[in-house]
Amino acid sequence: MTLLDMRDAGAGRHPSRPALVFRDARPSDSMLEARARAVGQLLLRCRQRVAGCGRLGRSRTLGCQLSVVSFSFFIACVLLASPATAQDEAALARARQQMVEQHLRARDITDARVLWAMGKVPRHRFIHPALAPEAYADRALPIDEGQTISQPYIVALMTQLLELRGPERVLEVGTGSGYQAAVLAELVKEVFTIEILPGLARSAAARLAPLGYWNVEVRAGDGYQGWPEKAPFDGIIVTAGASHIPQPLIEQLKEGGRLVIPVDVPVGYQELIQGRKERGKLITRRVAPVRFVPLIEPKR
Ligand code: SAH
């Protein structure tokens, strides 16, 4: 999960703030306004009811006030937390297309299948609902357990670097929210994804199934070791910053397969590396400076 695309940082501008997209990425404004109005009216009625309680005896008045206030609070919470409507979904889909045009196609994402997948996967379903208005800004966002979901441009770039055609089996290390796995699942036959934090692995699996991503298998475990039982893979993608390229991943890559991984460099960020396995060896090239959360290396 990238915190920042360093190429943008180098250009001295924030990568993710085209005002237009941000505004359009707030499609649920009308919904939120309507809900806020409903909550406002509810609280007003609550005040009137509480005032009405004054006609009762003192202890009954207090009980009445408490029950009216807690009931209203409950209803307010339900109204504010209720799922997005079809109208919201349509607006989010428009914001998603705009994200594809402005942040991916306008830059160096040229693989038509990757652009298509990025336009299809509902990123807002992989983050907390309160962050949905920001789902299609080109920026990393927080997920549970102090981790982040990568910015869309980096997800698209790394996916493009795998050079996928359709029949592949791909391994992802660092499931996080499951978003990158969903993008891959749109493009290949099977996706295997490993997450070291069991809570995240569980919630990603629970998120992917209802969205129809049945070709994704999630496992809780240490991705440094790869997934030998499912190897070999046509492609391997690591979505956390590694201190080096783990040997088990090279071994589990098919001949001709691609490995995409951010690897630490001494100055505090990582270099995004694309590797290709040729005659048992990984031939690498540097693609871009990036910044990811670290790949956790359990003590052995
Ligand atoms: N690809 C994710 C974002 C990844 S964030 C998405 O689309 O949302 C990086 C993830 O790597 C975090 O969830 C972190 O817990 C996980 N991680 C870190 N070290 C790991 C390891 N050794 N094995 C597997 N997962 C690891």
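**Figure 1. Arg 279 sits in the loop between strand S9 (270–278) and strand S10 (281–292).** This is a predicted model, so keep in mind that every view here shows a prediction. Look at the backbone of Arg 279: phi is near 45°, a positive value in a residue other than glycine. Most residues other than glycine have a negative phi. Is Arg 279 buried or exposed? With 6 C-beta neighbours inside 10 Å, Arg 279 counts as exposed, because the cut-off for that class is 12 or fewer.

**Figure 2. Helix H7 (152–161) and Glu 163, a residue in the loop between H7 and S4.** Start with the helix: 10 of the 10 residues of H7 are buried, so H7 is largely enclosed by the rest of the structure. Among them are Pro 152, Tyr 153, Ile 154 and Val 155, as well as Thr 159 and Gln 160. Now follow the chain onward. H7 is followed by Glu 163, whose phi is positive, near 50°. Glu 163 is not a glycine.

**Figure 3. Strand S5 (residues 190–195) is paired with S4 and with S6.** How many residues of S5 are buried? Five of the six are, so S5 is largely enclosed by the rest of the structure. Strand S4 (residues 169–173) runs parallel to S5, and five bridges join the two. One place to look is Glu 172, whose bridge partner in S5 is Thr 193. To get from S4 to S5, the chain passes through helix H8 (residues 179–187), making a right-handed β-α-β crossover. Strand S6 (residues 216–220) also pairs with S5 in the parallel sense, again over five bridges. Here you can find Glu 195 opposite Ala 220 in S6. The path from S5 to S6 goes through helix H9 (residues 198–208), and this β-α-β crossover is right-handed too.

**Figure 4. Helix H8 is mostly covered.** Eight of the nine residues of H8 are buried. Which residues are they? Tyr 179, Gln 180, Ala 181, Ala 182, Val 183, Leu 184, Ala 185 and Leu 187 are the buried ones.

**Figure 5. A cis peptide bond joins Ala 231 and Pro 232.** Most peptide bonds are trans. At this bond, omega is about 5°. Where is Pro 232? Pro 232 is found in the loop between S6 and strand S7 (233–238).

**Figure 6. Helix H5 (residues 86–105) holds Leu 92 and packs against helix H6 (residues 112–120).** The axes of H5 and H6 are 8 Å apart and meet at an angle of about 145°. H5 passes H6 in a right-handed crossing. On the H5 side, the contact uses Arg 96, Gln 97, Val 100, Leu 104 and Arg 105, while H6 brings Leu 115, Met 118 and Gly 119. Sorted by type, the residues of this contact are four nonpolar, two polar and two charged. The C-alpha atoms of Leu 92 and Glu 134 are separated by 9.8 Å, although the two residues are 42 residues apart along the chain.

Key. Residues are numbered from 1 along each chain as its sequence is written. This is a predicted model: local features need pLDDT of at least 70, side-chain atom pairs count only at pLDDT 80 or more; totals for chains, interfaces and linings use all residues. A residue is buried if 20 or more other C-beta atoms lie within 10 Å of its own, exposed if 12 or fewer, and partly exposed in between; C-beta atoms are placed from the backbone. Helices (H or I, at least four residues) and strands (E, at least two) are DSSP runs, numbered from the N terminus. Two strands pair if DSSP finds at least two bridges between them. A crossover is right-handed if, with the strands pointing away from the viewer, the path from the first strand over the helix to the second runs clockwise. Axes are lines fitted to C-alpha atoms, for helices over the stretch in contact, and angles run from 0 to 180 degrees between N-to-C directions. A crossing is left-handed if the near helix is turned anticlockwise from the far one by less than a right angle, and right-handed if clockwise. Two residues are in contact if their C-beta atoms, placed from the backbone, lie within 7 Å. Ala, Val, Leu, Ile, Met, Phe, Trp, Tyr, Cys and Pro count as nonpolar, Asp, Glu, Lys and Arg as charged, and the others, Gly among them, as polar.
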